[in-house]
Amino acid sequence: MSVHQREPFGDEVVAPDPRFTLDSFEPAYRQAARTNVLSQRVEQAHAELAHCNACPRDCDVDRLSGEIGVCGVGRDVLVASSYAHFGEEDCLSGTHGSGTIFLSGCNLRCSFCQNWEVSQHPVGTPHDAEQFAALMVRLQDLGCHNINLVTPEHVIPRLSRRSRGPCRWGSRSRSSTTPAATTPSRP
Ligand code: SF4
């Protein structure tokens, strides 16, 4: 049986395997929030969208005014779907799934993209800050082990504003994207 055919776990509560848990772990974004570094980084990254250089494509378009670069996404963050994903690697899916949020658009142009319907077309629903924060917390409440953004680099400056919501509301998740992605790429 493949991971895609795995039976759902129902209401069974499975204790975390201590080999794979970090008791003293504090997500980097919470440390940054405590020291006010997060707000500074968020505003700097967001302002750079006026001459977008959020990725090495360096399109220099004004996404805050709705202009679109190679990634195909302007001002809005478009959510194509979200759910507890059991098809990721076992260490991500665990027993209750990976809290996956599929985002429209992508700054990459991979020839064999398995998510091309989403990555190459602006499908999905615009989410404002509160809606996106609520979406992440809902996945956490479902028991998901992490928040898994697919694929977020082109919307990180917008998503970084949303990270303040889950901070405030008590998100415990670690995203599978890189912590560096929430740091502005240039001083
Ligand atoms: S995030 Fe999009 S608009 Fe910005 S530089 Fe990359 S491809 Fe261009």
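Start by selecting Asn 36, which you'll find in the loop between α1 (28-34) and α2 (37-47). Keep in mind as you click around that this is a predicted model. What is the phi of Asn 36 near? Its value is near 70 degrees, which is positive in a residue other than glycine.

Next, hop over to Asp 58, in the loop between α2 and β1. Asp 58 isn't a glycine either, yet its phi is positive, at about 50 degrees. Is Asp 58 exposed or partly exposed? Asp 58 has 13 C-beta neighbours inside 10 Å, so it counts as partly exposed.

Time for some strands. Select β1 (residues 78-85) together with β2 (residues 98-103). These two pair in the antiparallel sense, over six bridges. To see one of the partners, pick Ser 82 and then Ile 101 in β2, which is its bridge partner.

Now for the inside. Select Val 77, Phe 102, Leu 103, Met 136, Leu 149, Val 155 and Ile 156. The largest nonpolar core has 29 residues, and these are the ones that touch the most other members. Which elements give two or more residues to this core? They are α1, α2, β2, α5 (129-141), β4 and α6. Colour α5 if you like, as the largest share of the core, four residues, comes from there. In soluble globular proteins, nonpolar side chains tend to be buried together.

Stay with Leu 103 for a moment and show its contacts. Leaving aside residues up to four places away in sequence, Leu 103 touches Val 77, Leu 78, Val 79, Ala 80, Leu 149, Val 150, Thr 151, Pro 152 and Val 155.

Two of those contacts, Val 150 and Thr 151, take you to the last stop. Where is Thr 151 found? Look in the loop between β4 (147-150) and α6 (156-162). Zoom in on the peptide bond running from Val 150 to Thr 151: this bond is cis, with omega near -20 degrees.

Key: Residues numbered from 1 in each chain as written. Predicted model: local features only at pLDDT ≥ 70, side-chain atom pairs only at ≥ 80, totals over all residues. Pairing = 2+ DSSP bridges. Buried ≥ 20, exposed ≤ 12 C-beta atoms within 10 Å, placed from the backbone. Core = buried A, V, L, I, M, F, W, Y, C linked by C-beta atoms within 7 Å. Contact = placed C-beta atoms within 7 Å.
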